Amino acid sequence: MGERGAGVAEQDELAARLKPFGQGHLLRFWDELDPYERAALAEQIDQIDLKLTERLISAWIKATPAPETFDRIDPMKVIPLPTPASPDANAAWQIGEEALRAGRVAIVLVAGGQGTRLGYDGPKGTFPIGPASGRTLFEYHADRIHHAQARYGCTLPWYIMVGESNETATRAYFETNEFLGLDPSNVHFFKQSMMPTVGEDGRILLESKSRVAMNPNGHGGCIPALVENGIIDDARRRGIDLFSYFQVDNWAVKLADPYFIGYHLQGDGEMSSKVKRKATPREASGVFCVCDGKVRVIEYTELDIYPALLDTNADGSLTHFAANAGIHILDIEFIERVYRNYERFPWHCSHKKVAHVRESGDLVKPDEPNAYKFETFVFDALNYADGHPIAMEIDVKTEYALSKQMEGPGGVTEARQLMHDYWSEWLRAAGCLRDLSGIDVEISPRYAASLEEFVEKAADLNWPASGPIAIGPHGEFL
């Protein structure tokens, strides 16, 4: 996975490595640095895969990559939102439950981001999403793991991918909060790799005189990270062969969903995905489709390259409606095969505003995009899948509440309203007669994971006459 030195290299060794790639400027402030700063910069440079970086610079900056061409683009066949009355749904549910009881499933959470866009100083997973309780995203995900483990009598190991910027804080959060009641031996952190950020001239940028500007390598980076950090080995020792994957900012995700697991095991696709219906033709979501017989996800930024993805049916509905929800199941053996071929894994490039130091040493904070970030997307693993990967529809109102920023689409305010409306139905069904409009409502998924379960458990609750209604993991009012 790239050129790596045996230790912290001296200046001349670093210069010799950087010169063939035209990146010697990274050492321009070397004489101004103290020994600690020199060691940190040398170690950071030593971790950069210079051959890969040069390949991406040549493909994306020194040239304009030609878009892929396809002879045929067909809509993705989607399993409709499953209910107990759906054809084959009961069989899928039973198969999924059997896999959970047998301990075949582990949880993989991508949580490498900071809460910067939320105006929050800390890992995104520690954001207090609960409007009344202040419970964090991590707590809600842990509650779902607790519920599934109790229901199926199994252990669901939780593998959490962290980033360079939040690893220390994330580990500290779990230790301080006693791993949210989970067995620490079943919670494992593994680190995402970084890529250098490159200026428009093809030269790697310096964030400061002693630090290279870096960015995470995308959620597709979980594939090499799972292998290289021993997560696959740990899972195999536990008898696990399936990873249930999701991203930290989806508050409402149904992790370890028996329907989804069952449909995946009934198929032969090695990787399965949940999809949501696009609300508008140009919604900012990747689109699942079948390109020349292979399942692909086409990014929303490429809709004008493939205008067929904007086609509508006779009734005005979108022909290609299946949008990426960021929820997948992956076979362990499939991950290992993708890893063995990872040098061919697709990379994506985005034009961003990036602060950096210029040759004079002054810090530049640009008003316009000035740099390129390279990253990978996990859904591109579908390019390698044999068989017929499945896609299963979800109900956005019950399983897709993103917290990417505070306001706007995919924001906290929208997510809280979605969950308020969802849980209000539960409260009314359980006999709560209060007017719930305008008050904070939340229900821990450890207490109940479905309306039916909640109605059964909440029969004896005495609803508070005023204020918010927030029900904790054990049925207590928070």
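I take helices (H or I, at least four residues) and strands (E, at least two) as DSSP runs, numbered from the N terminus. I am working with a predicted model, in which local features need pLDDT of at least 70, side-chain atom pairs count only at pLDDT 80 or more, and totals for chains, interfaces and linings use all residues. Residues are numbered from 1 along each chain as its sequence is written, and side-chain values use heavy atoms, without hydrogens and water.

Confidence. I looked up the pLDDT (the predictor's confidence in each residue, from 0 to 100) and found a chain average of 93, with 98% of the residues at 70 or above. Residues 1–8 fall below 50.

Helix packing. I examined α4 (89–101) and α9 (258–266). Their axes (lines fitted to C-alpha atoms, for helices over the stretch in contact) form an angle on a scale from 0 to 180 degrees between N-to-C directions. I found an angle of about 95° and axes 7 Å apart. The two helices are therefore roughly perpendicular, a class covering 65 to 115 degrees. In the contact (heavy atoms within 4.5 Å), W93 and I95 are among the α4 residues, and Y259 and I261 among those of α9. I sorted the contact residues into 12 nonpolar (Ala, Val, Leu, Ile, Met, Phe, Trp, Tyr, Cys and Pro), three polar and one charged; Asp, Glu, Lys and Arg count as charged, and the others, Gly among them, as polar.

Lining. I then turned to the second largest pocket, where α12 gives the most to the lining, with seven residues. The lining has 24 nonpolar, six polar and 13 charged residues. A pocket is an open set of points on a 1 Å grid over the protein atoms alone, where a 1.4 Å probe fits, with protein on both sides within 12 Å along at least five of seven lines; lining residues have an atom within 4 Å of a point.

Methods
Parallel < 35°, antiparallel > 145°, perpendicular 65-115°, else oblique.
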